[in-house]
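Biologist: I would like to go through this model with you, starting with the ligand. Could you take me through it step by step?

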Amino acid sequence: MKVVTCTAPVNIAVIKYWGKRNEELILPINSSLSVTLHQDQLKTTTSIAASRDFAEDRIWLNGKEENIQHPRLQTCLREVRRLARKRRNDAEEDTVSRILNYKVHICSVNNFPTAAGLASSAAGYACLVYTLAKLYSVEGELSEIARQGSGSACRSMYGGFVQWVMGEMEDGRDSLAQQVEAETHWPELRILVLVASAEKKHVGSTSGMQTSVQTSPLLKFRAESVVPERMKDMIEAIKKKDFEAFGQLTMKDSNQFHATCLDTYPPIFYLNRVSQEIISLVHRYNAHYGRTKVAYSFDAGPNAVIFTLEPTVDEFVELVTCCFPPESNGDPFLKGLPVNPTSLSQDLLSAAGSDQCPGGVRYIIVTQPGPGPSQSQDLSLDLLGSDGLPKRSA
Ligand code: DP6
């Protein structure tokens, strides 16, 4: 039996992907750009075993066996195996040919609660494709395959700042992720994930964007006339480490994405009252200082992702804690990188307003840009036991 274990990161788009021109191949209607989050705080771990004793391909996600026949899963399996046959290198040939005929057992877990509503499909598919590639010793470009698992997954194949170039070809060969800058490029950048109390299940990205493509004239305008320029401006802001430009573009793009959701018919609402309170808090904070010190972004749910620079973290976290007093349920309110308690000036408190929303934010994860997927050499991290079945904790 051969077992390989790898980890892959979550990414947050600052220029959003919303809408496909080809559903089957997952080809987008516009390019997008994201920041890869550090795996110390958020990651997926996947172990894949291949053995001649396995009777069928099987998969376990977060402790539960799932249907391996899922079409997107099958596409990833088929495509990595196809590449392995094509790119087989001589030295490995024997082992690879042999295990290509074996069935696989796949076991995958997240180090963050799925219930938090943090997009896990990107890290999940990136990790699946990366781990399969390691199992079959496939080198080189893999984002084209990860993209066919979940669009946003292609961006989780790299660390740092990553663009997904929409491409033009019909077969999707040029619809790939590319690293814009490495995770070390902007060391002061920090990311706070504000996990909002979710009330209900939201419309999934796949079906939501389908309805948007069919009904929203604003989405068409955005893809054709807004995003191309924004991509250039965003790349320039990142290269120059210009937080003012980066933050403003990030907020405007998140707002336009949610405007296209409202322009969808019937409309889709991802932001709730807490999200709106956070948006207004960020604008008040920036107005108080007369410049953009913090920026927000929201995906297909109410959680806020805040971008800021290291010197601002302590104060802004204190302010969020003050406006959304934690309702203690035993869990820590702050997770991830350390934050120091600080006192807030009276001026800032009055600028922020007196509204309080207890329990509106469940907890905050403090993180930073991080690296792409990697293979683990530590055998004790394997999620599959010597019998090829998930270990108890997996
Ligand atoms: C709002 O990648 O989850 O997070 O390609 O159908 O799997 P599928 O959709 P998915 O959509 C992500 C949408 C988004 C924006 C983004 O990440 O760019």
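Modeller: An oxygen atom of the ligand lies 2.7 Å from an N or O atom in the side chain of Ser152. The protein covers 94% of the 470 Å² of accessible area that the ligand has on its own. Please keep in mind that this is a predicted model.

Biologist: How far is the polar side-chain atom of Lys20 from an oxygen atom of the ligand?

Modeller: That distance is 2.7 Å for Lys20. For Ser150, a polar side-chain atom is likewise placed 2.7 Å from a ligand oxygen.

Biologist: And how many residues surround the ligand?

Modeller: There are 18, and the closest are Tyr17, Lys20, Ser150, Gly151 and Ser152. By class, the shell consists of seven nonpolar, six polar and five charged residues.

Biologist: Which helix gives the most to that shell?

Modeller: Helix H5, residues 205–215, does so, with three residues.

Biologist: Which domains does the shell draw on?

Modeller: At least three residues come from each of domain 1 (2–185 + 376–381) and domain 2 (189–367).

Biologist: Let us change topic. What is the volume of the second largest pocket?

Modeller: The volume of that pocket is about 280 Å³. Its lining comprises 13 residues, and those nearest its centre are Glu79, Arg82, Glu144, Ile145 and Arg173.

Biologist: Which helices each supply at least two residues of it?

Modeller: Helix H1 (71–87) and helix H4 (143–147) each do. H1 provides the largest share of the lining, six residues.

Biologist: Now the backbone. Where is there a cis peptide bond?

Modeller: The cis bond joins Tyr265 and Pro266, with omega at about -5 degrees. Pro266 sits in the loop between helix H7 (243–263) and helix H8 (273–289).

Biologist: Which residue other than glycine has a positive phi?

Modeller: Ile26 is one, with phi near 55 degrees. The loop that holds Ile26 runs between strand S3 (20–22) and strand S4 (27–28).

Biologist: Why mention these two features?

Modeller: Most residues other than glycine have a negative phi, and most peptide bonds are trans, so both features depart from what most residues and bonds show.

Key
Residues numbered from 1 in each chain as written. Predicted model: local features only at pLDDT ≥ 70, side-chain atom pairs only at ≥ 80, totals over all residues. Heavy atoms only, no water. Near = heavy atom within 4 Å. Polar contact = N/O pair within 3.5 Å; in protein donor to acceptor, adjacent residues only side chain to side chain. Areas by Shrake-Rupley, 256 points an atom, 1.4 Å probe, with all protein chains shown as cover. Helix = DSSP H or I, 4+ residues; strand = E, 2+ residues; numbered from the N terminus. Nonpolar A, V, L, I, M, F, W, Y, C, P; charged D, E, K, R; others polar. Domains from an automatic or database assignment. 1 Å grid on protein atoms, 1.4 Å probe; cavity = no way out; pocket = protein on both sides within 12 Å on 5 of 7 lines; lining within 4 Å. Points joined across faces, edges and corners; volume = space filled by probe spheres on them.
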